[in-house]
Amino acid sequence: MDKLSEELMEHVAPQSAFAINIAGHTIYLTNSVINTWIIMAVVLVACILLTRNLQIVPKGPQVVLEAIVGWIDKFLTGTLGPEGKAYFPYLASVLLFLAVSNTIGFFGFTPPTKDINVTASLAIMSIILIQVCGIRKKGVGGWLHSFLEPLPLVTPINILELGIKPLSLCMRLFGNVLGAFIVMELLKGFCALIVPVPFSCYFDLFDGLIQAYVFVFLTSLFMKESME
């Protein structure tokens with residue numbers, strides 16, 4: 001059991017792939033950073049290739065592409081309303097990135113979202129966007145006044161929410177992805193053949209897509225709340 005715990009910790013802890021020496025300073029690049037760059041490059045190249053030579057009457061891959069974009073647009077518009085279209089590029093990009101990041105474990109790669117640094121970065125960006133939404137909608141004065149609502153007595157709680165919301169987004173995503181990764185590593189250790197396959201379909205594919213959806217949905221919900 002101790003040996004198994006040590007092996008799991010090796011998988012869970014961020015590992016340095018290689019180091020770069022710049023002006024006498026050594027920068028260590030972890031696997032999660034490299035995988036993140038690779039995923040961003042793949043998604044970017046795929047978007048460029050899929051949007052070339054678009055036709056008025058869609059056919060082939062364009063039909064699937066328009067269906068995905070239409071679903072994302074309907075999802076964000078349904079949550080944020082017509083104002084949500086202004087934030088479509090960012091939220092759609094995060095959704096695609098998380099969908100790929102959370103599901104690459106099915107193909108034998110390590111999900112970058114099992115690194116708390118990655119999920120924390122995404123959560124911080126989301127909370128900044130949430131506050132920007134409130135400032136754009138209400139102005140600086142209205143945004144500051146919102147901390148006094150519904151009663152000045154709850155102002156400390158409203159201020160605490162600035163840290164609680166990104167923490168909840170970060171830990172929810174990190175915990176689910178890490179938990180799924182650990183379960184799959186345990187299954188592979190005890191029974192490497194056949195049995196892990198259906199579990200991998202659930203934890204690596206279905207649960208990964210669900211967590212991507214939940215992260216963007218909660219971000220959209222907090223944005224809507226900030227703009228009300």
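This briefing walks through the nonpolar core, a surface patch and the aromatic pairs of the structure above. It's a predicted model, so local features need pLDDT of at least 70 and side-chain atom pairs count only at pLDDT 80 or more, while totals for chains, interfaces and linings use all residues. Residues are numbered from 1 along each chain as its sequence is written, and side-chain values use heavy atoms, with hydrogens and water left out.

**The core**

- The largest nonpolar core has 32 residues. Such a core is a set of buried Ala, Val, Leu, Ile, Met, Phe, Trp, Tyr and Cys residues joined through side-chain atoms within 4.5 Å.
- Buried means under 20% relative accessible area, exposed means over 50%, and partly exposed is in between (1.4 Å probe, protein chains only).
- Among the residues with the most contacts inside this core are Tyr87, Leu91, Phe215 and Met223.
- Two or more core residues come from each of helix 3 (61–80), helix 4 (88–103), helix 5 (116–145), helix 6 (155–190) and helix 7 (196–227). Helices here are DSSP runs (H or I, at least four residues), numbered from the N terminus.
- Leaving aside residues up to four places away in sequence, Phe215 touches Val94, Leu98, Leu122, Ala123, Ser126, Leu169 and Leu173. A contact is heavy atoms within 4.5 Å.

**The surface patch**

- Val63, Val64, Ile68 and Leu96 make up a nonpolar patch on the surface, and together they have about 310 Å² of accessible area. That area comes from the Shrake-Rupley method with a 1.4 Å probe, and for residues only the protein chains shown count as cover.
- To join a patch like this, nonpolar side chains (Val, Leu, Ile, Met, Phe, Trp, Tyr) sit within 5 Å, in residues with over 30% relative accessible area and no salt bridge. A salt bridge is a side-chain nitrogen of Lys or Arg within 4 Å of a carboxyl oxygen of Asp or Glu.
- Helix 3 gives the most to the patch, with three residues.
- Val64 is in helix 3 and counts as exposed, at 51% relative accessible area.

**The aromatic rings**

- There are five aromatic pairs. Rings of Phe, Tyr and Trp (its six-membered ring) pair if their centres lie within 6.5 Å; planes under 30 degrees apart are stacked, over 60 edge-to-face, and the rest tilted.
- Trp71 and Phe75 are a stacked pair, 5.6 Å centre to centre with 20° between the planes. Both lie in helix 3, four residues apart, which is about one turn of the helix.
- Trp71 is partly exposed at 44%, whereas Phe75 is buried at 9%.
- Trp71 also makes a tilted pair with Tyr213, 6.1 Å centre to centre and 40° between the planes. Trp71 lies in helix 3 and Tyr213 in helix 7, so this pair ties together parts 142 residues apart in sequence.
- Trp71, Phe75, Tyr213 and Phe217 form one aromatic cluster.

Conventions:
Patch = residues over 30% accessible without salt bridge, like charges linked within 9 Å, V, L, I, M, F, W, Y side chains within 5 Å.
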